[in-house]
Every structure is written in C-alpha cells, then in structure tokens.
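Dear colleague,

I am passing on the structure we spoke of, and below it I set out what was found in it. Please read the notes with the structure open beside them.

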Amino acid sequence: LGDVMGAERSAEVIRTYLGEVLAKRRFELIPEFVDQEMLDHATGMRGPDALHAHASGFCDNIPGVEIEIEDIFATEDAAFGIWNWKGDPIQSMGTSSNGNPVFPRRVLSVFRLRDGMLIDYEAFVDAGQVRAQISAP
C-alpha cells in the first residue's frame with residue numbers, strides 16, 4: 001500500500017506543478033512540494049526559490065502560456081510528465097544558423113522525490129522538434 005500511496009503523491013506533485021504552478025501561475029504552491037535541498041538542473045539552483053525562479057521565468061517569457069498535459073507516469077520516488085505549451089515567447093532558447101528561433105514546445109519533466117517531496121528536477125525537450133526548428137528554411 002505504501003508504494004501506491006507514494007506513486008499517487010508523486011503523480012499529484014507533478015500534476016500540481018504542470019497544471020497549477022505553470023498553467024495557472026500558482027507559484028505560492030511551490031513550497032508545499034519542493035524540498036529545501038531540491039536541485040533544479042535548468043538553473044543549477046537549489047530549493048523552492050530555484051523552482052520559483054525557473055517556473056516564473058518560463059511564464060514571464062511566454063505571456064499567456066497555455067499548458068497541455070499529455071501524460072503522467074509515477075512511481076513512489078519519481079514522476080514523469082509529458083506536456084506541451086502554446087504561446088509566443090519573448091526570447092527563444094537559441095537561434096539556428098539560418099536565424100530560426102529554437103524553442104521546442106513538447107517537454108518531458110522528470111521529478112525525483114523523497115518522502116513525497118521534489119528533490120531533483122530535469123527537463124528534456126523533443127529532439128524531433130529541435131531538429132525541425134533548426135533545419136527550417
């Protein structure tokens with residue numbers, strides 16, 4: 001039963017992040033599920049403030065961003081969320097050699113958890129989208 005409860009908590013944490021924090025800008029929820037020592041690989045920072053900076057920076061860069069959760073998979077100590085975003089970014093992640101903005105819209109968020117709290121966050125982007133954006137004429 002502990003594993004099921006743990007997996008449900010893990011799924012709830014990533015669903016809260018994607019569906020509430022990012023989709024509804026509810027940054028005040030972050031301390032409820034982020035460990036003080038959490039490492040955010042995107043910023044290299046630790047703790048709830050790191051995730052707040054990451055999430056608010058993402059939302060500030062894409063005014064009115066819309067989040068669509070495609071799928072969530074969870075275990076007792078990990079959660080994986082595949083999601084897409086819609087909006088017009090102020091700044092892209094980078095620019096291809098022929099001047100195209102590169103900012104893939106399909107993301108895999110990987111959460112590692114301990115005792116129901118987020119301790120490690122990495123985000124991965126869709127390689128096919130990156131290739132298409134780089135090679136677009």
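Before the pocket is described, one term is needed: a pocket is an open set of grid points with protein on both sides within 12 Å along at least five of seven lines, and its lining residues are those that have an atom within 4 Å of a point. Please also keep in mind that this is a predicted model.

With that term in hand, the largest share of the lining of the largest pocket, four residues, comes from helix α2, which spans residues 48-61. Helix α1, α2 and strand β8 each supply at least two residues of this lining. In total, 16 residues line the largest pocket, and those nearest its centre are H54, F58, M93, F103 and V125. Its volume is about 410 Å³, and its lining is made up of 11 nonpolar and five polar residues, with no charged residue among them.

Two of the residues nearest the pocket centre, F58 and F103, also belong to a cluster in which ring pairs link them with W83 and W85. A search of the whole structure finds six aromatic pairs.

One of these is the pair of Y17 and F111, which is tilted, with 5.5 Å from centre to centre and 50 degrees between the planes. Because Y17 lies in helix α1 (residues 2-24) and F111 in strand β7 (residues 106-114), this pair ties together parts that are 94 residues apart in sequence. Both Y17 and F111 are buried. Y17 also forms an edge-to-face pair with Y121, at 5.6 Å centre to centre and 70 degrees between the planes; since Y121 belongs to strand β8 (residues 117-125) and Y17 to helix α1, the parts tied together here are 104 residues apart in sequence. Y17 counts as buried because its relative accessibility is 1%, which falls under the 20% cut-off, and Y121 is likewise buried, with a relative accessible area of 1%.

Turning to the strands, β4 (residues 78-86) is mostly covered, as seven of its nine residues are buried. Strand β3 (residues 66-75) pairs with β4 in the antiparallel sense over nine bridges, and the two form a hairpin with two residues between them. Within this pairing, I69 has W83 of β4 as its bridge partner, and W83 is one of the members of the ring cluster described above. β4 also pairs with β7 in the antiparallel sense, over seven bridges, and there I82 stands opposite L108 in β7.

With kind regards

Conventions
Residues are numbered from 1 along each chain as its sequence is written. This is a predicted model: local features need pLDDT of at least 70, side-chain atom pairs count only at pLDDT 80 or more; totals for chains, interfaces and linings use all residues. Side-chain values use heavy atoms; hydrogens and water are left out. Rings of Phe, Tyr and Trp (its six-membered ring) pair if their centres lie within 6.5 Å; planes under 30 degrees apart count as stacked, over 60 as edge-to-face and the rest as tilted. Buried means under 20% relative accessible area, exposed over 50%, partly exposed in between (1.4 Å probe, protein chains only). On a 1 Å grid over the protein atoms alone, a cavity is a set of points where a 1.4 Å probe fits but cannot get out, and a pocket is an open set with protein on both sides within 12 Å along at least five of seven lines; lining residues have an atom within 4 Å of a point. Grid points are joined across faces, edges and corners, and a volume is the space filled by probe spheres set on the points. Ala, Val, Leu, Ile, Met, Phe, Trp, Tyr, Cys and Pro count as nonpolar, Asp, Glu, Lys and Arg as charged, and the others, Gly among them, as polar. Two strands pair if DSSP finds at least two bridges between them.
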